[in-house]
Structures are given as C-alpha cells and as structure tokens.
Amino acid sequence: MITWIIVLLYVMRCFMLGVSEWHARALKQHGLEELKIETSMKLELICHIYYLCTIVMTLIVKPSYTMNVVIGLVLITIAYSLWFYIWYILHETWALRLFKVPSGMRVTDGVYKFVRHPEYFIVTPLEVLGIMFISQTYFNILIMIPYVFYMWFRIKDENAMLKESF
C-alpha cells in the first residue's frame with residue numbers, strides 16, 4: 001500500500017511537470033526566452049530517478065505503517081498545498097523552467113514577500129522529506145545530492161536574471 005502512495009505522488013509530480021511544460025510552451029509562444037535548458041532537464045531527470053528508486057525500494061523494503069507515514073503525509077500535504085498556492089499566484093507564468101521575464105512580470109505578493117524561491121526552499125525539501133518518511137527509505141536522500149547541486153546553479157542563474165531584468 002505504501003508503494004501505491006509513492007506511485008500516486010509520482011503521478012502528481014508528473015502532472016506538475018506536464019503543466020510546467022504546457023506553460024513553458026505558451027511562454028515561448030509569447031516570445032520569452034528560456035535560459036539554462038540543460039539545468040532544467042537535469043533537475044527533472046534527477047527527480048524522476050528519485051521517485052523511481054523510491055518506488056523500487058518500497059517494493060524491496062516493504063515499509064510498515066508507522067508514525068513516519070503520518071509525518072510524511074503531513075509534509076506532502078503542506079508541500080503540495082503550497083505548490084498549488086504558488087501556481088495560483090503565478091497563473092500561466094508558472095513553469096519549472098527558467099525564462100527571462102519582462103520587468104512587469106515580477107511577483108512580490110503572497111509567499112514571495114517572505115521567500116524569493118519558495119518552490120526551491122520550501123516545496124521541494126518538504127516533498128523529498130515527506131517521501132522519505134512515507135517510504136522509510138532514508139538512504140534515497142543521497143540521490144538528491146546532485147539535485148541540490150543543480151538547484152544551487154538554478155538559483156544563482158535565476159537571481160542573476162532577476163537582477164538584470166529589474
């Protein structure tokens with residue numbers, strides 16, 4: 001049953017990636033330039049690997065229902081609620097890809113008043129920790145080390161782009 005929870009979360013993540021791709025195509029049609037495509041692709045690949053390894057490990061380890069599953073579900077609920085909130089704020093401009101935006105598109109409302117990159121610093125860590133607690137496969141966190149590395153570059157690139165645009 002826990003494996004099915006992880007599979008459902010993976011399907012939701014794939015849905016998020018699909019929405020991101022749809023929005024990215026629309027942004028390109030509006031003439032916005034996509035930056036650092038390679039970094040985006042590597043982040044998406046690492047995310048898929050993390051989920052697939054976690055699914056395989058839950059099939060092998062067969063984790064039991066403990067308080068960790070409840071903690072994980074709470075973390076996932078917070079992460080996905082915040083993700084939907086971010087999606088609501090950014091509307092069709094939300095994408096997991098980096099686009100050079102015109103100065104009028106800067107968002108400073110809602111959670112963006114407090115955190116410049118809420119998806120990077122709040123949503124993703126909560127999602128990863130939630131999955132780790134649910135699956136009880138704690139060593140899978142090692143897969144996320146390259147993710148953090150590429151995310152650091154993404155944040156650096158995004159900050160540089162924002163400084164240039166605003």
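Here are a few friendly notes on this predicted model, moving from the whole chain down to one residue.

1. Start with the overall layout. The protein chain has five helices and two strands. If you read along the sequence, these elements come in the order α-β-α-α-β-α-α.

2. Next, look at what is covered and what is open. The chain has 166 residues, and 47% of them count as buried. Its accessible surface is about 9300 Å², with 69% of that belonging to carbon and sulfur atoms.

3. Among contacts in the chain with a separation of 6 or more, 89% are between residues 24 or more positions apart.

4. Now compare the record with the model. An unreviewed UniProt entry places the feature "transmembrane region" at residues 5-23, 43-61, 68-90 and 128-153. Residues 128-153 are 69% helix and 0% strand, with 19 Å between the end C-alpha atoms.

5. Zoom in on threonine 137. Where does threonine 137 lie? You will find threonine 137 in the loop between helix H4 (118-135) and helix H5 (144-165). Is threonine 137 buried or exposed? Threonine 137 counts as buried because its relative accessibility is 1%, and the cut-off for buried is under 20%.

6. Finally, meet the surroundings of threonine 137. Its side chain makes a polar contact of 2.7 Å with the side chain of serine 135. Leaving aside neighbours within four places in sequence, threonine 137 is in contact with Thr54, Met57, Thr58, Val61 and Met132.

Technical notes
Residues are numbered from 1 along each chain as its sequence is written. This is a predicted model: local features need pLDDT of at least 70, side-chain atom pairs count only at pLDDT 80 or more; totals for chains, interfaces and linings use all residues. Side-chain values use heavy atoms; hydrogens and water are left out. UniProt positions are given in the numbering used here, feature names are shortened, and annotations may be inferred rather than shown by experiment. Helices (H or I, at least four residues) and strands (E, at least two) are DSSP runs, numbered from the N terminus. Buried means under 20% relative accessible area, exposed over 50%, partly exposed in between (1.4 Å probe, protein chains only). A polar contact is a pair of N or O atoms within 3.5 Å; within protein, one must be able to donate a hydrogen and the other to accept it, and residues adjacent in sequence count only if both atoms are side-chain atoms. Contact means heavy atoms within 4.5 Å. Accessible areas come from the Shrake-Rupley method with a 1.4 Å probe; for residues, only the protein chains shown count as cover.
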